[in-house]
Amino acid sequence: MAGEKGVVLLDFWVSPFGQRVRIALQEKCVEYEYKEQDLANKSELLLKYNPVHKKIPVLVHDGKPVCESLVIVQYIDEFWSHKSPLLPSDPYCRANARFWADFIDKKIYDCGTRLWKLKGEGKEEAKKEMIEALKLLEGELGEKKYFGGESFGFVDVALVPFVSWFYAYETCGNFSVEKECPKIVAWGKRCMERESVSKTLEDPKKVYEFVLVLKKRFGVE
């Protein structure tokens, strides 16, 4: 399709936010050029296309940049609307999906970061908040196959990259996601059966190794 011409993704291999975009692009069968970024030495390209936040991911479509992962996923869903809709058509359901995706953004990443960065009471508080957040998400999932029902959609795309981070969170926080939220783990396994997800997510042990590098960089023992 003509609309697929000139699709470039500025990203970093282990970023759950960039992985959202990669999953969405694969769900839509959009061909794109991947450009790995060195976040310690930000490229002129990244600074040019995201001068406000200077962060990945950035989707560049025909020379026009789109920033922030959830915004990018919505853009992908709207532009390549011919295949695999990610957001539901009903306005209320769309609003609900956006609410939970925003909840994931505000809770999961923040709690996960505090789990490996903090010690003592700070770490225990982060663990408590993480488990509470996952339980709320589990309640929203209920008995459904995916968060939107039978179809893999927006909330699934928002959350599933963190599945490969669970091992790191568990190891740093000394808890079990499967024990606390078995339905979330089962959902993650269902998502991994999708090629878009299995080809995108990194091995959990590799993610943990990356977290160890971060801990060393930030002087966290």
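**Exercise 1.** Determine how the residues of the lining of the largest pocket divide into nonpolar, polar and charged.

*Solution.* The lining of the largest pocket comprises 17 nonpolar, five polar and eight charged residues. Here Ala, Val, Leu, Ile, Met, Phe, Trp, Tyr, Cys and Pro count as nonpolar, Asp, Glu, Lys and Arg as charged, and the others, Gly among them, as polar. The model is predicted: local features need pLDDT of at least 70 and side-chain atom pairs pLDDT 80 or more, whereas totals for chains, interfaces and linings use all residues. Residues are numbered from 1 along each chain as its sequence is written, and side-chain values use heavy atoms, with hydrogens and water left out.

**Exercise 2.** State which helices each supply at least two residues of this lining, and which gives the largest share.

*Solution.* First, α1 (16-27), α3 (69-79), α4 (91-117) and α11 each supply at least two residues; helices are DSSP runs of H or I, at least four residues, numbered from the N terminus. Next, the largest share, five residues, comes from α4.

**Exercise 3.** Locate Val-211 and decide whether Val-211 is buried or exposed.

*Solution.* Val-211 lies in helix α11 (residues 204-217). Its relative accessible area is 1%, so Val-211 is buried (buried: under 20%; exposed: over 50%; partly exposed in between; 1.4 Å probe, protein chains only). Leaving aside residues up to four places away in sequence, Val-211 touches Trp-116, Trp-165, Ala-168 and Cys-172, contact meaning heavy atoms within 4.5 Å. Finally, Val-211 and Tyr-169 are 42 residues apart in sequence, with a C-alpha to C-alpha separation of 9.3 Å.
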